[in-house]
Amino acid sequence: MAGIYIHIPFCKQKCSYCDFHFSTNLQSKSTLIEAINKELELRKNEINQPLETIYFGGGTPSILTENELDSIFNTISKNYVTSSIKEVTLEANPDDLNKEKLNFLKSTPINRFSIGVQSFFEEDLRLMNRAHNALEAESSIKLVQDFGFENITIDLIYGSTTTTNEIWKQNLQKAIELNIPHISSYALTVEEKTILDHQIKKGITKPVDEDRQNEQFQLLVDTLTNNNFVQYEISNFGKENYFSLHNSNYWKGIHYLGIGPSAHSYNGKKRAWNIANNSKYIQAIQENNLPQEIEVLNEIEQFNEMIMIGLRTIYGIDLNRINSEFSQPLVDSFHHELNQLINENLVAQLENKIILKPEAKFFADGIASRLFYIN
């Protein structure tokens with residue numbers, strides 16, 4: 001099985017923390033959707049197996065019109081094997097979800113919503129410069145449920161200067177009360193050249209407190225696991241049968257095709273990524289060129305990626321694959337550092353897989369880096 005990710009690089013306004021590729025100028029939207037459809041046609045031979053998942057990300061895919069969304073689905077159905085599709089996700093902002101929109105979306109293959117709530121509190125939303133308010137955050141979820149959609153995930157951000165531990169507890173409790181079956185939750189990070197970065201450097205906003213972020217991460221884990229959620233990836237919590245198939249396939253190394261400006265693709269041996277410029281992307285596609293760079297992963301890069309991804313998930317690092325797929329220097333280095341991490345009580349071995357200890361999950365990336373092979 002394979003997946004397609006489609007990047008819709010448009011938003012109504014810029015969130016203070018965001019460094020993704022997008023534009024708030026919607027004038028070229030219809031032309032860019034035409035280019036996305038053409039890229040889907042140009043790259044149809046890159047996937048030689050049936051599709052299992054489609055994921056509309058961004059940006060804000062929920063700003064697409066009925067005709068634009070229909071055209072993408074029609075292009076996919078004409079050029080790819082769609083009989084095995086199980087999951088079609090649309091990222092959406094709460095302020096885009098109204099009865100008229102949902103009535104149309106009900107008629108499409110979309111069967112999963114990823115709603116960018118971020119917080120149910122006004123002070124958090126103002127800091128993040130979100131386009132919706134707290135009332136819309138809650139009402140959009142109820143409306144989606146009223147239209148019969150059960151497979152819903154929401155994004156929540158913790159660790160901002162406005163998010164006290166009490167507010168964070170209430171955010172989590174609200175999500176539980178709304179019967180959300182999946183939650184993706186991330187610490188607020190300050191990326192360079194974002195609005196938030198500028199505000200902190202100018203003293204307008206306080207810097208984030210990493211100790212508070214760690215506290216709120218532990219609150220997140222404890223609260224959700226006590227309410228029948230499984231932390232199947234560091235930042236992703238789902239009830240049984242509600243794990244994200246698309247994202248799980250990323251973490252399992254399954255092939256996917258990334259369509260649209262800045263979108264990434266992976267086929268097991270190489271990565272490709274499209275140019276993060278809307279006008280240059282459109283021009284290249286119109287000339288039947290793929291505006292992408294390609295990186296062929298060498299053995300060390302494949303090894304380190306397996307470590308990074310595996311350690312972030314409940315699937316863990318597969319020792320059988322480590323021992324059989326890589327050369328002896330990499331294997332020896334891995335086992336030497338692994339023994340130290342086990343002695344430090346940071347990881348555990350369960351049969352043939354290595355997983356993080358629960359108390360070490362907030363530090364997953366740092367622990368993974370210790371297992372990397374550095375040439």
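Reply: Buried means under 20% relative accessible area. The model is predicted. Ile 154 has 0% relative accessibility, so it counts as buried. Ile 154 sits in strand 5, which spans residues 152–158.

Next, the core. The largest nonpolar core has 87 residues. Ile 154 is among those with the most contacts inside that core, along with Ile 6, Ile 36, Phe 113, Phe 120 and Phe 334. A second, separate core has 11 residues, including Cys 15, Tyr 17, Cys 18 and Leu 127. Cys 18 lies 136 residues from Ile 154 in sequence. In space, the C-alpha atoms of Ile 154 and Cys 18 are 17 Å apart.

Last, the helix pair. Helix 11 covers residues 299–311, and helix 14 covers residues 364–371. Their axes come within 9 Å and cross at roughly 150 degrees. Angles over 145 degrees count as roughly antiparallel, and helix 11 and helix 14 are therefore roughly antiparallel to each other. Their crossing is right-handed. Helix 11 contributes Phe 303, Ile 307, Met 308 and Leu 311 to the contact. Helix 14 contributes Ala 364, Asp 365, Ile 367, Ala 368 and Leu 371. By class, the contact has 8 nonpolar residues, no polar ones and 1 charged.

Terms used: Residues are numbered from 1 along each chain as its sequence is written. This is a predicted model: local features need pLDDT of at least 70, side-chain atom pairs count only at pLDDT 80 or more; totals for chains, interfaces and linings use all residues. Side-chain values use heavy atoms; hydrogens and water are left out. Helices (H or I, at least four residues) and strands (E, at least two) are DSSP runs, numbered from the N terminus. Buried means under 20% relative accessible area, exposed over 50%, partly exposed in between (1.4 Å probe, protein chains only). Axes are lines fitted to C-alpha atoms, for helices over the stretch in contact, and angles run from 0 to 180 degrees between N-to-C directions. Angles under 35 degrees count as roughly parallel, over 145 as roughly antiparallel, 65 to 115 as roughly perpendicular and the rest as oblique. A crossing is left-handed if the near helix is turned anticlockwise from the far one by less than a right angle, and right-handed if clockwise. Contact means heavy atoms within 4.5 Å. Ala, Val, Leu, Ile, Met, Phe, Trp, Tyr, Cys and Pro count as nonpolar, Asp, Glu, Lys and Arg as charged, and the others, Gly among them, as polar. A nonpolar core is a set of buried Ala, Val, Leu, Ile, Met, Phe, Trp, Tyr and Cys residues joined through side-chain atoms within 4.5 Å.
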